[in-house]
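Dear colleague,

I am handing over the structure below, and after it you will find a short account of what I found. Please read the account with the coordinates open beside you.

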Amino acid sequence: MTLWKDFLRALTEPLGDHRPPLSTARRPWVRAVPYALVLLMVGSLLPTGIVTLIQFYGVDPSLATALAVVQAGALPLALTRPLTAWQLVAPSVLVGAVATHGAAADQPWPWPTTTLLGYLFLMVLLAVRERGRTLLAVWVVTFLGCSLSWTVFNEDFDGSSVLATALSGVVLLLGWSLRGRGEAKRLLAAQEQISETERARRTLLEERARIARELHDVVAHHMSVITVQADSAPYRLEGLPPAAVEEFGQIAAAARGSLAEMRRLLGVLRAAESTADKAPQPGLDDLPKLLATVGQAGVRAELAVGDGVSALGPVPEAVGLSAYRIVQEALANVVRHAPGATAEVGITAADGALTLTVRNDPPPGRARAVETSGGTGQGLVGMRERVRLLAGTLDTGPTADGGYRVTAVLPLDGTSPGEKTA
């Protein structure tokens, strides 16, 4: 009983997808192909079906017209609801077989040529839209109908039922295979898109953790200075009242507690396989050494520092560290994608902001891009995160001569460029 219910359900419950075939194609003319084919089939099968049933099988004109209209007219419906169209065509095939039985001994029965062509075209539309169990149920009904005609009317059997059964099975199988292949490709493309999104998200999180680890040293230095000053204040300043001495002690304790919490946070951010970096974090003063290192990789880089930078004096450590890393990643990209090119690094200061510009020429000749681990971050992702950390701006893009340019503006006071504080 359960098998019978499943069989009936397969024949009566279509899929919810009512899109016509090739509806997801990018080109409009490809999307119009199914409509053109259906129009061609209806335009040819409708008149020829009527003429065939009347002249060769002697069917009453009104009945012949009705059968041809149902069988050909169901094809446009099959573009969006192929199972419903089959539910209309299948009874018309049975009625046509009864009406044409014994009418013409030299004509195929129970499948007139026009009926067989329309039925096979309907199988194509059915195969590319319905699930496998529905296609199997439709073929079983077709097989049973053809077997019944061969059993009951053995003397009129001419082999058209075998042809209809075999061709419909082949069409359904091929259509189902193509549909499955298309679905697999769509699922693969969707999975690749999800993987790419997850990869970009993971890269962003890794870069943020990397920046947090680097800034730990900067913040820890300032917290250590606060701790030392608060602890030594009662000894450096004479005549402090007891309340002030107690206040300095509380400040030192709070600073030491903050340092301990930062170390715990750093332990969470640090990868299991990474080791602590004992070297101090780099800054603007380390850029000449960086350019010399890049020169060993085949990229000749020149550094130009504006007069305004010298007048600034020491820049905030977070700004210096971010500036160094941005230049480092920009030059690493030059080594990767434009080996042998000449790069220019410019640093200027104006309006309370530090401006970095890294510009490179196109690679000479036909130098091929290479991959290298010259940088410490994730390229443009890392640059954007470092600029975003300081409320700055980043502008990247190709130059007119085929090179590439990276421009970063880093506010020295923590505000956006051009932003005025009240």
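**Helix packing, the sheet and one threonine**

Please bear in mind that this is a predicted model. In it, the axes of helix H1 (residues 2-12) and helix H4 (residues 82-100) come within 9 Å and cross at roughly 105°. Since angles of 65 to 115 degrees count as roughly perpendicular, H1 and H4 are therefore described as roughly perpendicular to each other. Where they meet, H1 contributes Ala10, Leu11 and Thr12, and H4 contributes Leu83, Trp86 and Gln87; by class, this contact has four nonpolar and two polar residues, with no charged ones.

The sheet is open and has five strands in the order E1-E2-E3-E5-E4, with mixed pairing. Its edges are strand E1 (300-305) and strand E4 (393-398), each of which pairs on one side only, and the twist from one strand to the next averages 10°. Strand E3 (residues 353-360) and strand E5 (residues 404-411) run antiparallel and are joined by eight bridges, with Thr355 standing opposite Val409 in E5. Helix H9 (residues 287-296) packs on the sheet, where it touches E1 and strand E2 (342-350), and its direction makes about 165° with that of E1.

Finally, Thr142 lies in helix H6 (residues 132-152) and counts as buried, because its relative accessibility is 4%, where buried means under 20%. Its side chain makes a polar contact with the side chain of Tyr119 at 2.6 Å. Leaving aside neighbours within four places in sequence, Thr142 is in contact with Trp111, Tyr119, Thr165 and Ser168.

Terms used: Residues are numbered from 1 along each chain as its sequence is written. This is a predicted model: local features need pLDDT of at least 70, side-chain atom pairs count only at pLDDT 80 or more; totals for chains, interfaces and linings use all residues. Side-chain values use heavy atoms; hydrogens and water are left out. Helices (H or I, at least four residues) and strands (E, at least two) are DSSP runs, numbered from the N terminus. Buried means under 20% relative accessible area, exposed over 50%, partly exposed in between (1.4 Å probe, protein chains only). A polar contact is a pair of N or O atoms within 3.5 Å; within protein, one must be able to donate a hydrogen and the other to accept it, and residues adjacent in sequence count only if both atoms are side-chain atoms. Contact means heavy atoms within 4.5 Å. Axes are lines fitted to C-alpha atoms, for helices over the stretch in contact, and angles run from 0 to 180 degrees between N-to-C directions. Angles under 35 degrees count as roughly parallel, over 145 as roughly antiparallel, 65 to 115 as roughly perpendicular and the rest as oblique. Ala, Val, Leu, Ile, Met, Phe, Trp, Tyr, Cys and Pro count as nonpolar, Asp, Glu, Lys and Arg as charged, and the others, Gly among them, as polar. Two strands pair if DSSP finds at least two bridges between them.
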